[in-house]
Structures are given as C-alpha cells and as structure tokens.
Amino acid sequence: MEQEFESKANFVKIQIEEDFNALNELELEKFFEKFTDDKRTLSFLDYYNKSVLDKEKIDFGEFKRQWAIQGMTRGVINFFNENFDKFKEEIKKEKDIRKFFEKYCCRVRKEASFCSKLFHTILPDEFPPVDNPIKKKFYLQKEEFIKSVLIIKLGYKLFIAENPDKITLIRKLLSKPKFAYLRINELSDIRILDMYYWFKENRE
C-alpha cells in the first residue's frame, strides 16, 4: 500500500515536471498575466491574502463562498464558526488531516475538499488545497479524497525538493511589480504550485 502511495506521488511529481519543462519563461509569464484583470480571481486572491497570509479570523460562510465549496449546511458552517479557535490549535498541533476529517468533517456529508482548504489556510507550507479538477489533473478521480490530498502533497514536496531551479524561476517571475498583488515572497512553495494548477484547471 505504501509503495502504491509513493508511486502515485511520484507520478504527480513527474506530471508537474513535464508541465513546467514544456513552458519557457515568457510563456509562463504570459500565463499568469491572463489573470491580472480577472475580477473574480482578484477577489479570491484578496480573500486568500487576508485569511492565509494575514491570518484574519475565518467566517465559514464567506470561506465556503470564496473557495466555491459545494454543500455545507448552515448548521455545519455555524459549528465551525463557533469552534474555530479550538480547531485551529488542533490542526496546528496534530497536523493530521485524516483524523480531523473523520472527527469533524463527516457530520452531515463528507466535506473533504473543505477540509483540505481549511488545512491549507492554517498550514499553507504543508497542505495543498485540493478540489476535483486538481484530482482529475493528476488522474486521482477514483481515489478517496483525503488520500488524494496526501498523494498530491507528497508529489508537490518531491517536485519542490528535486526542482529548486523551477521554484526559483517562478518566484523571480512573479516578483515583478505587475504581480505584486500575489505577495509572492510570503507564499509557500506548495502554494506556488497550487496557484498555477488552480489557475490552469479552474480559471483558464
């Protein structure tokens, strides 16, 4: 089972390498430029910066709307609003997304995408926010959702460890004044990869 998990994570890493090897610096810059005037994208990035980088307290109704999370009843939203400080400390202390998911995110329906985005918000250096288009991109449609998050997390980390030149190139590119709204120097390497695939799979 562990060998299968690592094999799938390595496949994610290889897919990322193929994607970035197919782009030169100019093409990559033009890709990100496409979103500088997109009001919907800019609105989300403003929210992202406030909640993830500035660590403003989360209102889960707004969290659901901004992250385009399907489902989540008012009762579930209220439950997370009322217990946010407790959950934040638990996530930071235990860093166990599966345990947290099974304990708190299956009360009405399985809120796995929500769980991954909450973990990313609190631990942006360690967990990617995952949704179905990202799962599909890496051929993980048939995998249980939290397992997919962990596979993608490891795949991202393998890519980051083995391709520091690519991460440095993206950081240099997005450090240009026209991309200042991204606050690139404050973003984790995981977020840089996630941001590319979020734009690619959800916005392009």
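Me: What makes Ala 68 count as exposed in this predicted model?

Reply: Ala 68 has a relative accessible area of 55%, and since exposed means over 50%, the value passes the cut-off and Ala 68 is called exposed. Ala 68 sits in the loop between helix H4 (60-66) and helix H5 (74-82), and its phi is near 55°, a positive value in a residue other than glycine.

Me: Why is Arg 183 called partly exposed?

Reply: The relative accessible area of Arg 183 is 23%, and because buried means under 20% and exposed over 50%, this value falls in between and Arg 183 is partly exposed. Arg 183 is found in the loop between H11 and H12, and it has a positive phi of about 55° although it is not a glycine.

Me: How do you know that Leu 193 is buried?

Reply: The relative accessibility of Leu 193 is 0%, and because buried means under 20%, Leu 193 counts as buried. Leu 193 belongs to helix H12 (residues 189-203), and, leaving aside its neighbours within four places in sequence, it is in contact with Ile 16, Phe 20, Tyr 156, Phe 159, Ile 160 and Ile 167. Leu 193 and Ile 170 are 23 residues apart in sequence, while their C-alpha atoms are 9.3 Å apart in space.

Me: What makes Arg 191 buried, and what does it touch?

Reply: Arg 191 has a relative accessible area of 1%, and because the limit for buried is under 20%, Arg 191 is buried. Arg 191 also lies in helix H12, where, not counting residues up to four places away in sequence, it touches Phe 44, Leu 45, Tyr 48 and His 120.

Me: How do you know that Arg 191 lies over the face of Tyr 48?

Reply: Arg 191 is at 4.0 Å from the ring centre of Tyr 48, and the distance part of the rule asks for within 6 Å, with Arg 191 listed as lying over the face of that ring. Lys 153 likewise lies over the face of Phe 127, at 4.0 Å from the ring centre.

Me: Why are the buried residues of helix H11 said to line one face?

Reply: In helix H11 (residues 164-173), the residues Lys 166, Ile 167, Ile 170 and Leu 173 are buried. Seen down the axis of H11, these buried residues fall within an arc of 130°, so they line one face of the helix. The face of H11 turned away from its buried side carries the exposed residues Thr 168 and Lys 172.

Me: What makes the aromatic pair of Phe 87 and Phe 100 edge-to-face?

Reply: By the rule for ring pairs, the count comes to 34 aromatic pairs. In the pair of Phe 87 and Phe 100, the distance is 5.6 Å centre to centre, with 90° between the planes; because a pair needs centres within 6.5 Å and edge-to-face needs planes over 60 degrees apart, the pair is called edge-to-face. Phe 87 lies in helix H6 (residues 84-94) and Phe 100 in helix H7 (residues 97-104), so the pair ties together parts that are 13 residues apart in sequence. Both Phe 87 and Phe 100 are buried.

Me: How do you know that Asp 19 makes a polar contact with Tyr 197?

Reply: The side chains of Asp 19 and Tyr 197 are 2.6 Å apart at this contact, and because a polar contact calls for N or O atoms within 3.5 Å, the distance meets the limit and the pair is given as a polar contact. Asp 19 is in helix H1 (residues 2-21), and, not counting residues up to four places away in sequence, it touches Lys 137 and Tyr 197.

Key:
Residues are numbered from 1 along each chain as its sequence is written. This is a predicted model: local features need pLDDT of at least 70, side-chain atom pairs count only at pLDDT 80 or more; totals for chains, interfaces and linings use all residues. Side-chain values use heavy atoms; hydrogens and water are left out. Helices (H or I, at least four residues) and strands (E, at least two) are DSSP runs, numbered from the N terminus. Buried means under 20% relative accessible area, exposed over 50%, partly exposed in between (1.4 Å probe, protein chains only). Contact means heavy atoms within 4.5 Å. The arc is that of the directions from the helix axis to the C-beta atoms. Rings of Phe, Tyr and Trp (its six-membered ring) pair if their centres lie within 6.5 Å; planes under 30 degrees apart count as stacked, over 60 as edge-to-face and the rest as tilted. A charge sits over a ring if NZ of Lys or CZ of Arg is within 6 Å of the ring centre and within 35 degrees of the ring normal. A polar contact is a pair of N or O atoms within 3.5 Å; within protein, one must be able to donate a hydrogen and the other to accept it, and residues adjacent in sequence count only if both atoms are side-chain atoms.
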